[in-house]
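Here is a briefing on aromatic contacts. Look at the rings first, then at their surroundings.

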Amino acid sequence: MRPLRLLALGVLTFLLAAGARAQGTSGLHFGFEGGVSYPQGDTKDFFDNGWHGGALLVWNPPVIPVGLRVDGAYHKLDASDAAGSIGSAKIFAGTADVVVGFRAILLKPYFFGGVGYYRLDFSDSSFPSMSNDDTQNETGWNAGAGVSISLRNIDLIIEARYHSIGSGDRFEFVPVSIGLVF
């Protein structure tokens, strides 16, 4: 029975040490991600699913499981055929988030949320928030969850987040992303 406990303790120590080398360690880390963007709420009446890509910086202070993250992303959603228009919405997003998650395991779940600054560029769209201007600069918020999988000194991340942009008629979408953090 004692050798089994020692083996279990050894495996647990290895898993904790392997997780400590990756993205969850303290310090500054960078990465990139991309995936599918899904319109939500009234936005899905005007736009179909789209795609996105972006880059991120993560800073984890020592010891505590809370970090800071800054993202820059580009999203493109094509106008829905049901909306009766042809065109697209292009969204340039810059977000700043607080990240809370586990660090000392190989499979690290995390949650994040914060504020963002968004540039929405509509082409031939009849989205209700549009005045006579095809380009809008708006503020908004975002919140999401993900999981980070340690692969030696690189983390594979899989996440989803909800974005709510503007006042009045909200532009809402959920990007589902996969990426790498170094």
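A charge sits over a ring if NZ of Lys or CZ of Arg is within 6 Å of the ring centre and within 35 degrees of the ring normal. By that rule, the charged end of arginine 69 sits over the ring of phenylalanine 112, 5.0 Å from its centre. The model is predicted: local features need pLDDT of at least 70, side-chain atom pairs count only at pLDDT 80 or more, and totals for chains, interfaces and linings use all residues. Residues are numbered from 1 along each chain as its sequence is written, and side-chain values use heavy atoms, with hydrogens and water left out.

**Ring pairs**
- The whole structure holds 10 aromatic pairs (rings of Phe, Tyr and Trp, its six-membered ring, with centres within 6.5 Å; planes under 30 degrees apart are stacked, over 60 edge-to-face, the rest tilted).
- Phenylalanine 122 and phenylalanine 171 pair edge-to-face, at 5.8 Å centre to centre and 70° between the planes.
- Phenylalanine 122 is in strand E5 (residues 107–123) and phenylalanine 171 in strand E8 (residues 171–181), so this pair ties together parts 49 residues apart in sequence.
- Strands (E, at least two residues) are DSSP runs, numbered from the N terminus.
- Tryptophan 141 and tyrosine 162 form a tilted pair, with 5.3 Å between centres and 50° between the planes.

**Cluster**
- Ring pairs join Phe47, Phe122, Phe171 and Phe173 into a cluster.

**Burial**
- Both phenylalanine 122 and phenylalanine 171 are buried (under 20% relative accessible area; exposed is over 50%, partly exposed in between; 1.4 Å probe, protein chains only).
- Tryptophan 141 has 41% relative accessibility, so it counts as partly exposed.
- Tyrosine 162, at 23% relative accessibility, also counts as partly exposed.

Definitions and conventions: Helix = DSSP H or I, 4+ residues; strand = E, 2+ residues; numbered from the N terminus.
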